[in-house]
Amino acid sequence: MRRRALLIGTAWTTALGSALVWFKSVSGLPIDMAWPVGVIALGWALVLWYALAAAEAAAEAARVVERETRTMIDALARVICLEVQRARSELILGDELLEHAIRELMVAFESVRDVNGAVIAMQFRDVVGQKLGHVRGELDALDQLMRRIGESGQENFAARVQELLHEMGHKKASNPAQQQLMHAGEVTLF
Amino acid sequence: MTKCILAVDDSPSIRSMVSFTLKSAGYEVIEAVDGVDALNKAKAKSMDLVLTDQNMPRMDGLALVRALRQLPAYKSSPILILTTEAGTDMKSQGKAAGATGWLVKPFDPHRLIEVVQKLLG
């Protein structure tokens with residue numbers, strides 16, 4: 001930017017100076033040097049104004065890019081945090097289910113005849129297995145999202161990230177084991 | 001005549017437990033690993049009741065219910081969905097698909113036998 005301003009200023013001065021020399025040589029008239037100096041100064045003032053305006057525009061563009069980048073990074077960070085929190089909640093619930101299952105099994109084993117209790121307790125393993133599978137799936141999807149973002153080119157980066165986030169939101173599979181302990185064993189006949 | 005029940009679940013342990021429970025109550029149990037397998041078996045032999053999981057590969061429980069209801073032999077047969085999902089939205093989908101009932105895992109074997117006996121008379 002500065003180089004461009006300098007070039008313009010130099011070209012302006014050279015052109016005006018050359019024109020004056022030519023005019024003086026052709027016309028033979030004496031020229032008061034005050035007004036040419038004033039014109040040159042005006043030219044430099046214009047060049048300076050242009051350089052300042054261009055610098056301000058560049059700074060504003062940089063601020064916009066920085067804001068958009070920060071917004072995008074914030075959106076990504078929010079998605080990642082949310083997914084990690086969800087995964088953590090699922091794992092905690094999985095732990096609770098396993099603990100409940102173990103308690104039930106211990107009660108069942110105290111009475112050899114309590115096959116009923118043992119069958120109920122053993123099914124918790126299946127429920128926990130589904131939850132863990134779901135969590136793994138969510139983390140895999142997040143991993144894929146980050147890789148695809150990393151592979152995206154510089155062109156339209158922000159738009160591409162938004163597109164991928166939107167795609168991920170649509171693809172999110174329902175949690176197959178959405179239940180609390182209180183719903184276990186519920187029977188509904190339609 | 002011994003009633004025949006089709007037990008559908010992609011989990012071998014769940015299939016074993018359902019089979020063990022229902023056989024102990026005197027029923028014949030045929031196992032299927034997913035919806036596609038179940039549909040083929042249901043077409044090959046007439047089942048008195050179908051007990052299916054919801055989340056299975058190839059064909060899930062709701063799709064199986066809809067497919068069975070298209071078959072003349074299963075238009076009014078009892079079809080139960082046995083699943084980990086307890087949400088009212090899913091239950092509504094089950095009802096709309098034509099399911100007879102919705103059971104939330106883990107099932108109580110005594111309760112399962114009660115429900116089956118009630119539906120099969």
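**Figure 1. Pairing of strands β3(B) and β4(B) in the predicted model.** In this predicted model, T52(B) has I81(B) in β4(B) as its bridge partner. The two strands involved are β3 (residues 49-52) of chain B and β4 (residues 79-83) of chain B, which pair in the parallel sense. Three bridges connect β3(B) with β4(B).

**Figure 2. The residues of strand β4(B).** Strand β4(B) is mostly covered, with five of its five residues buried. From β4(B), the residues I79(B), I81(B) and T83(B) point one way, while L80(B) and L82(B) point the other way. In a regular strand, side chains alternate between the two faces of the sheet.

Figure 3. Six strands form an open sheet in the order β1(A)-β5(B)-β4(B)-β3(B)-β1(B)-β2(B), and their pairing is mixed. The edge strands are β1 of chain A and β2 (28-32) of chain B, each of which pairs on one side only. From one strand to the next, the twist averages 15 degrees. Helix α2(B) packs on the sheet and touches β1 (4-8), β2 and β3 of chain B. The direction of α2(B) makes about 165 degrees with that of β1(B).

**Figure 4. The packing of helices α2(B) and α3(B).** Two packed helices are described by the angle between their axes and the distance between the axes. Helix α2 (residues 35-44) of chain B packs against helix α3 (residues 61-70) of chain B at an angle of about 20 degrees, and their axes lie 9 Å apart. Because angles under 35 degrees count as roughly parallel, α2(B) is roughly parallel to α3(B). The crossing of these two helices, α2(B) and α3(B), is right-handed. On the side of α2(B), the contact involves G35(B), A38(B), L39(B) and A42(B); on the side of α3(B), these meet G61(B), A63(B), L64(B), A67(B) and L68(B). By class, the contact of α2(B) with α3(B) comprises seven nonpolar and two polar residues, with no charged residues.

**Figure 5. The strand pair that joins chain A to chain B.** Strand β1 (residues 187-189) of chain A is joined to β5(B) by three bridges. The strands β1(A) and β5(B) run antiparallel. Within this pair, G101(B) in β5(B) stands opposite L189(A).

**Figure 6. The side of chain B that touches chain A.** Contacts between the chains involve 26 residues of chain B and 21 residues of chain A. On the chain B side, the elements that give two or more residues are α1 (12-24), α4 (88-97), β5 (101-104) and α5 (109-120). This side of chain B has 11 nonpolar, nine polar and six charged residues.

Figure 7. Chain A contains four helices and one strand, which follow the pattern α-α-α-α-β along the sequence. Of its 190 residues, 11% count as buried. Among the contacts in chain A with a separation of 6 or more, 71% are between residues 24 or more positions apart.

Terms used. Residues numbered from 1 in each chain as written. Chains lettered and ligands numbered in written order. Predicted model: local features only at pLDDT ≥ 70, side-chain atom pairs only at ≥ 80, totals over all residues. Contact = placed C-beta atoms within 7 Å. Nonpolar A, V, L, I, M, F, W, Y, C, P; charged D, E, K, R; others polar. Pairing = 2+ DSSP bridges. Axes fitted to C-alpha atoms, helices over the stretch in contact; angles between N-to-C directions. Parallel < 35°, antiparallel > 145°, perpendicular 65-115°, else oblique. Left-handed = near helix turned anticlockwise from the far one by under 90°. Buried ≥ 20, exposed ≤ 12 C-beta atoms within 10 Å, placed from the backbone.
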